[in-house]
Amino acid sequence: LWVPAALADEPIFELTIRDHRFEPEMITVPTGTRIKLVIENADPTPEEFESYKLNREKVIPANSKAIVYIGPLDAGTYPFFGEFHEKTAKGSIVAK
């Protein structure tokens, strides 16, 4: 399996969906770096990770994981939410 060096060095950050909430609610990432976001859905129902500012959306089936690549980002706060449970599933990525 060949993996480009640029992809092999991407920092990995993890989110968990539990009880229709993201854990942790805030992740701090480095600016100017592409990251790999691993999202685990520990709930018995699907959820959709969505962010308008990041221009990303991904449905994560119940009891499974998904990968979302983000960046490189400028400094700032990038909110995200779970489209199927918007009132509780909220969070943000802060690039510093």
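1. The model is predicted, with local features requiring pLDDT of at least 70 and side-chain atom pairs pLDDT 80 or more, while totals for chains, interfaces and linings use all residues. Residues are numbered from 1 along each chain as its sequence is written, and side-chain values use heavy atoms, without hydrogens and water.

2. The partner of Glu23 is Arg18: the two form a salt bridge whose closest N and O atoms lie 3.2 Å apart (a side-chain nitrogen of Lys or Arg within 4 Å of a carboxyl oxygen of Asp or Glu). Arg18 is itself partly exposed, at 38% relative accessibility.

3. The structure holds two salt bridges. Besides the pair of Arg18 and Glu23, the side chains of Glu10 and Arg34 meet at 2.6 Å, N to O. This pair links distant parts of the chain, 24 residues apart: Glu10 belongs to the loop between helix H1 (5–8) and strand E1 (12–18), and Arg34 to the loop between E3 and strand E4 (35–41) (DSSP runs numbered from the N terminus, helices being H or I of at least four residues and strands E of at least two). With 10% relative accessibility, Glu10 counts as buried, whereas Arg34, at 35%, counts as partly exposed.

4. An open sheet of mixed pairing is built from five strands in the order E3-E9-E8-E5-E6 (two strands pair if DSSP finds at least two bridges between them). Strands E3 (26–29) and E6 (56–60) stand at the edges; each has a single partner strand, so one side of each lacks a neighbour in the sheet.

5. Within this sheet, strand E8 (residues 76–82) and strand E9 (residues 90–95) run antiparallel and are joined by six bridges. Phe80 has Gly91 in E9 as its bridge partner.

6. Which side chain of opposite charge is nearest to Glu47? That side chain is Arg21, 11 Å away, and Glu47 is buried yet has no salt bridge (Lys and Arg count as positive, Asp and Glu as negative; His and the chain ends are not counted).

7. The side chain of Glu47 does make a polar contact, at 2.8 Å, with the side chain of His85 (N or O atoms within 3.5 Å, one able to donate a hydrogen and the other to accept it; residues adjacent in sequence count only if both atoms are side-chain atoms). Leaving aside neighbours within four places in sequence, the residues in contact with Glu47 include Lys58, Glu83, Phe84 and His85 (heavy atoms within 4.5 Å).

Key. Buried means under 20% relative accessible area, exposed over 50%, partly exposed in between (1.4 Å probe, protein chains only).
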